Amino acid sequence: MNSAALSQSDDHEWKLSGGWTVHSLGTLGQPLDVEACAQGDIILDGEKLEALDSAGAWVLQVWLQRHDAAATLQHWPPRMQALMEQVGAYTRLKGEPKSQPNAEPEAQPNAELNSKRMDNKSAAEPAQSSLAPLLAQIGLSAYAAAEQALALLTFTGRTATTALNLMRHPTRIRWRAVLHNIQIGGFEALPIVGLTAFLLGVVVAYQGADQLKHYGANIFVVELVGYSMLREFAPLITAIIVAGRSGSAFSAQIGTMVVTDEIDALRTIDIDPTELLVLPKIAGLLVALPLLTVFADITGVFGGMVMARSQLGIGFYEFLDRFGHEIHGSAFLVGVGKSLVFAVIIAGIGCFQGFRTTDSADSVGRQTTTSVVQSIFLVIVVDALFSVVFNILNI
Amino acid sequence: MRGVSTHFGKHAVHTDLDLEVRRGEILAIAGGSGSGKSVLLREMILLQKPSAGSIKIFGDEIASLDEAATHQLRQRWGVMFQKGGLFGALTVRENVGLPLREHTALDDKMIDDIADWKLSLTGLEPDDGVKLPSALSGGMVKRAALARALALDPELLFLDEPTSGLDPASARGVTELILKTHALYGLTIVMVTHDLDLLWRASDRVAVLGERRVMMTAPMAELQHNDNPIVQEYFVDARGDARSDAHIQARGQTAASSPVSTSAAALTPVPTPSLTTPPAPHGR
């Protein structure tokens with residue numbers, strides 16, 4: 001197909017040739033802007049016109065309108081003529097072709113239109129730079145945050161009442177779902193949690209070894225690794241991994257169920273989604289997360305032991321002997337106790353964000369991201385609070 | 001439903017809407033996109049609260065039901081969702097059996113048998129029962145969803161767009177299925193649809209939503225001769241005219257075999273009000 005071209009045969013007559021389609025239009029749009037055409041009635045001869053699509057008709061109509069010209073179509077195939085008229089009706093309806101991509105202000109020969117556009121711009125600019133949109137933005141964000149906090153409160157309340165109700169009818173507890181969640185969220189997370197905690201133990205011991213060597217206090221690596229792993233690192237790293245693994249899975253699962261009407265379907269067949277979906281997940285994590293934490297304790301301390309032997313010359317037996325003497329059971333209990341709270345946070349936020357999904361796949365992704373970010377953030381905040389409280393209580 | 005109003009923010013969907021469903025009838029709720037058909041349905045099935053007004057089902061005001069009564073009510077109806085709403089984690093048979101498993105003391109074997117029977121009623125093969133919903137075609141999903149809605153032999157059945165997204169043949173199959181179900185159980189059916197074929201063949205009365213209320217409730221044959229512009233625009237277009245006679249007959253014959261013209265007509269494009277002016281004569 002030849003590329004689109006336009007040639008003037010006399011004062012009021014223009015000949016179109018080639019294909020006026022998205023592909024063969026090329027860059028004709030811009031030069032056309034500059035090219036003048038007489039105002040009033042002109043004739044567009046379509047005898048050599050090979051093809052015309054919406055883009056071609058659009059360019060022509062915009063060109064005509066810019067010059068206040070009305071065209072009579074001569075020798076046009078009826079189909080193209082119809083298309084041309086449809087496009088014309090639409091562009092006229094829109095009035096000034098402001099959003100027209102070809103109509104860059106620089107390429108505008110028409111001074112009057114140009115100044116009009118400038119006026120529009122200068123009128124719009126001060127509004128944008130003023131404080132109002134910023135304030136509105138802050139207000140909207142605050143409103144959204146308050147709304148979310150309220151929704152979370154409602155969700156917590158509903159979950160708690162459902163849980164209490166279920167306690168009174170223990171036969172209704174869905175053990176299968178609970179066990180399933182323990183398997184998925186706990187058992188299957190063992191390798192990754194173990195490996196991460198092991199590496200963390202290695203890192204802690206390695207960093208400590210360097211400092212301790214200076215003072216000849218090599219043996220204190222036991223306390224360093226023991227307390228930091230048991231109290232902080234094991235519960236925290238386990239919670240973060242589980243938030244990424246299970247928390248995201250919870251919200252994606254529930255979010256997808258919202259999108260596919262499954263949640264509504266549950267409600268209409270009189271099954272409480274909280275009872276079926278939320279509580280087994282929370283219960284499952286309440287079992288799985290402390291167990292994972294214990295596992296992380298073990299592999300983390302083992303990582304420290306390996307490092308202590310290779311860097312500080314402290315044998316396994318010596319390490320374990322001191323470990324048994326010096327590390328209090330409370331350190332272990334503090335870590336496991338914290339993981340219970342983390343479990344509730346991760347499962348709760350995961351489900352909560354899942355239920356906040358609106359009717360689109362996009363929203364499932366967004367809520368899943370939000371759930372992971374929020375639960376990790378909350379886990380760390382709560383961990384910090386625990387540190388403060390334990391410090392005050394001297395635990 | 002009396003004086004029901006719904007608005008989301010400033011946007012009013014219904015204002016002071018009245019609608020009555022008679023026992024044993026098939027009532028279709030029709031209206032253009034955005035007229036609030038689905039919202040209305042969601043309000044009836046307790047998924048959404050209207051902003052104002054009263055909704056009574058089986059004579060009870062649903063807003064004032066206590067928890068126990070709500071549970072009872074929910075077990076007296078069946079709902080089929082537009083997208084099916086089958087549980088992706090369960091097989092089709094488990095999906096159908098779920099309401100029974102939850103709300104009855106029947107043993108598992110019997111539940112599976114009943115589920116299989118409901119599936120066969122809706123025209124699915126026994127093999128389909130062990131499949132996961134994701135392995136089913138669109139038409140089969142709708143059938144399975146209907147089977148689940150019928151699991152507890154409800155007195156009231158809500159269908160949301162039962163034929164949307166189906167090819168004409170499957171849509172006709174679902175339409176016949178609805179008629180068959182209605183004949184078998186004598187239940188009341190409320191369906192939201194904009195499928196003219198379904199409206200003509202399976203509805204006793206049609207409630208037309210427009211201007212934020214129910215404009216009128218009448219059988220299709222009456223609606224067709226109504227001169228309200230909105231009703232006209234919706235029903236008495238080229239499709240309705242071309243098919244009406246054939247369909248009044250089809251409904252009369254309990255729709256055992258439907259005329260082939262239905263599918264052909266459904267494929268005919270609707271002439272849109274066009275901006276095109278008639279082509280001018282070549283040259284001048």
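**Reading helices, strands and burial**

Modeller: The buried residues of helix 1 of chain B are Lys37(B), Val39(B), Leu40(B), Leu41(B), Glu43(B) and Met44(B). Please bear in mind that this is a predicted model.

Biologist: How many of the residues of helix 1 of chain B are buried?

Modeller: Helix 1 spans residues 37-44 of chain B, and six of its eight residues are buried, which leaves the helix mostly covered. Just after helix 1 of chain B, the backbone at Leu46(B) adopts a positive phi of about 65°.

Biologist: What do the totals say about chain B?

Modeller: Chain B contains eleven helices and eleven strands. Of its 284 residues, 49% are buried. Among contacts in chain B with a separation of 6 or more, 66% are between residues 24 or more positions apart.

Biologist: And how many helices and strands are there in chain A?

Modeller: Chain A has 13 helices and four strands. Buried residues account for 44% of its 395 residues. For chain A, 78% of the contacts with a separation of 6 or more involve residues 24 or more positions apart.

Biologist: Let us turn to sheets. What is the order of the strands in the open sheet of chain A?

Modeller: The general idea is that strands of a sheet pair through backbone hydrogen bonds, either parallel or antiparallel. In chain A, the four strands of the open sheet follow the order 1-2-3-4, and the pairing is mixed. Strand 1 (5-10) and strand 4 (69-74) of chain A are the edge strands, each pairing on one side only. From one strand to the next, the twist averages 30°.

Biologist: How many bridges join strand 1 of chain A to strand 2 of chain A?

Modeller: Strand 1 of chain A is joined to strand 2 (residues 13-20) of chain A by five bridges, and the two run antiparallel. Together, strand 1 and strand 2 of chain A form a hairpin, with two residues between them.

Biologist: How is a pair of packed helices to be read?

Modeller: Two packed helices are described by the angle between their axes and the distance between the axes. Consider helix 10 (residues 273-312) and helix 11 (residues 316-326) of chain A, whose axes come within 9 Å and cross at roughly 130°. Helix 10 of chain A and helix 11 of chain A are therefore oblique to each other. The crossing of helix 10 of chain A past helix 11 of chain A is right-handed.

Biologist: Which residues of helix 10 of chain A meet helix 11 of chain A?

Modeller: Helix 10 of chain A contributes Val301(A), Phe302(A), Gly304(A), Met305(A), Val306(A), Ala308(A) and Arg309(A), which meet Phe316(A), Phe319(A), Leu320(A) and Phe323(A) in helix 11 of chain A. By class, this contact comprises nine nonpolar, one polar and one charged residues.

Biologist: At what angle do the axes of helix 3 of chain B and helix 5 of chain B cross?

Modeller: The axes of helix 3 (residues 92-103) and helix 5 (residues 138-149) of chain B cross at roughly 25° and come within 8 Å. Helix 3 of chain B and helix 5 of chain B are therefore roughly parallel to each other. Helix 3 of chain B passes helix 5 of chain B in a right-handed crossing. At the contact, Val92(B), Asn95(B), Val96(B) and Pro99(B) in helix 3 of chain B meet Ala144(B), Ala147(B) and Arg148(B) in helix 5 of chain B. These residues divide into five nonpolar, one polar and one charged.

Biologist: Finally, is Ser363(A) buried or exposed?

Modeller: Ser363(A) counts as buried because its relative accessibility is 1%. Ser363(A) lies in helix 13 (residues 361-393) of chain A. Leaving aside residues up to four places away in sequence, Ser363(A) touches Thr357(A) and Thr358(A).

Key. Residues numbered from 1 in each chain as written. Chains lettered and ligands numbered in written order. Predicted model: local features only at pLDDT ≥ 70, side-chain atom pairs only at ≥ 80, totals over all residues. Heavy atoms only, no water. Axes fitted to C-alpha atoms, helices over the stretch in contact; angles between N-to-C directions. Parallel < 35°, antiparallel > 145°, perpendicular 65-115°, else oblique. Left-handed = near helix turned anticlockwise from the far one by under 90°. Contact = heavy atoms within 4.5 Å. Nonpolar A, V, L, I, M, F, W, Y, C, P; charged D, E, K, R; others polar. Pairing = 2+ DSSP bridges. Buried < 20%, exposed > 50% of the residue type's maximum accessible area, 1.4 Å probe, protein only.
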